[in-house]
Amino acid sequence: ISDSAEKNEVVFDTDGLFEIENIVVLKDGTILLPVDPVREGYIFIGWINEEGKLINENMIVDKNMVFKALWISVDAETVSVSFDTDGGNLIDSIVIEKGKILLPINPTKEGYVFAGWVDSNGNSVNSDTILSENMTIKALWKEPYTCPKDCTPSEDGKTCTKVVTTSLVKKT
């Protein structure tokens with residue numbers, strides 16, 4: 001990486017078990033995750049970001065980040081969660097402990113805005129959803145609001161911004 005290039009640092013936190021070297025990534029570049037760590041008596045689930053969302057390989061790194069290792073005991077009751085992104089980027093299935101669901105970072109799909117997750121019955125799935133059995137959840141997508149050509153769409157695709165500059169005359 002060039003010294004003049006804008007960079008971000010990614011820190012991997014394993015709860016003090018062992019050290020994984022930090023990674024430097026070009027700003028807005030993608031990340032390749034390290035080999036899964038191993039801990040006796042536990043299963044490594046994945047890496048979660050500061051918001052508690054499961055991260056995916058090849059995610060865009062747009063700032064300095066800390067990823068924390070997520071572990072469950074080998075004796076824990078587990079369920080499997082599969083993610084159907086309906087044409088969005090692929091997200092691996094996970095095995096987690098029964099209880100609250102662990103959601104991944106929001107998927108992306110060209111030409112669409114992510115609108116949330118639903119279960120097989122069409123019920124909304126969020127970070128408070130309790131899991132007691134294996135589940136497949138599906139991504140919902142909506143077409144972004146179409147902005148006039150002289151406007152900029154917001155990140156959530158719901159609104160547009162137009163900057164208008166007019167001539168001002170100051171009278172004294």
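This is a predicted model: local features need pLDDT of at least 70, side-chain atom pairs count only at pLDDT 80 or more; totals for chains, interfaces and linings use all residues.
Student: How many strands does the secondary structure of the protein chain contain?
Tutor: Helices (H or I, at least four residues) and strands (E, at least two) are DSSP runs, numbered from the N terminus. On that basis the chain has zero helices, and its strands come to 15.

Student: Which strands stand at the edges, each with a single partner strand?
Tutor: Five strands form an open sheet with mixed pairing, in the order β8-β7-β13-β10-β11, where two strands pair if DSSP finds at least two bridges between them. Because each edge strand has a single partner, one side of each is left without a neighbour in the sheet, and these strands are β8 (94–97) and β11 (124–125).

Student: Which residue in β13 is the bridge partner of Phe83?
Tutor: Strand β7 (residues 78–84) runs parallel to strand β13 (residues 135–142), and four bridges join the two. In β13, the partner of Phe83 is Ile137.

Student: Is Leu32 buried or exposed?
Tutor: Leu32 is found in the loop between β3 (29–30) and β4 (42–48). Leaving aside neighbours within four places in sequence, Leu32 is in contact (heavy atoms within 4.5 Å) with Ile23, Glu57 and Asn58. Buried means under 20% relative accessible area, exposed over 50% and partly exposed in between, with a 1.4 Å probe and protein chains only. The relative accessible area of Leu32 is 58%, so this residue is exposed.

Student: What relative accessibility does Asn56 have?
Tutor: Asn56 lies in the loop between β4 and β5 (60–61). Not counting residues up to four places away in sequence, Asn56 touches Leu33, Asn89, Ile91, Pro104 and Ile105. Asn56 counts as buried because its relative accessibility is 11%.

Student: What is the value that phi of Asp86 is near?
Tutor: Asp86 has its place in the loop between β7 and β8, and this residue counts as partly exposed because its relative accessibility is 34%. Most residues other than glycine have a negative phi. Phi of Asp86 is instead positive, near 50°.

Student: How far apart are the mean positions of the positive and negative charges of the protein chain?
Tutor: Lys and Arg count as positive and Asp and Glu as negative, while His and the chain ends are not counted. The place of a charge is taken as NZ of Lys, CZ of Arg, CG of Asp or CD of Glu. For the 16 positive and 28 negative charges of the chain, the mean positions are separated by 13 Å.

Technical notes:
Residues are numbered from 1 along each chain as its sequence is written. Side-chain values use heavy atoms; hydrogens and water are left out.
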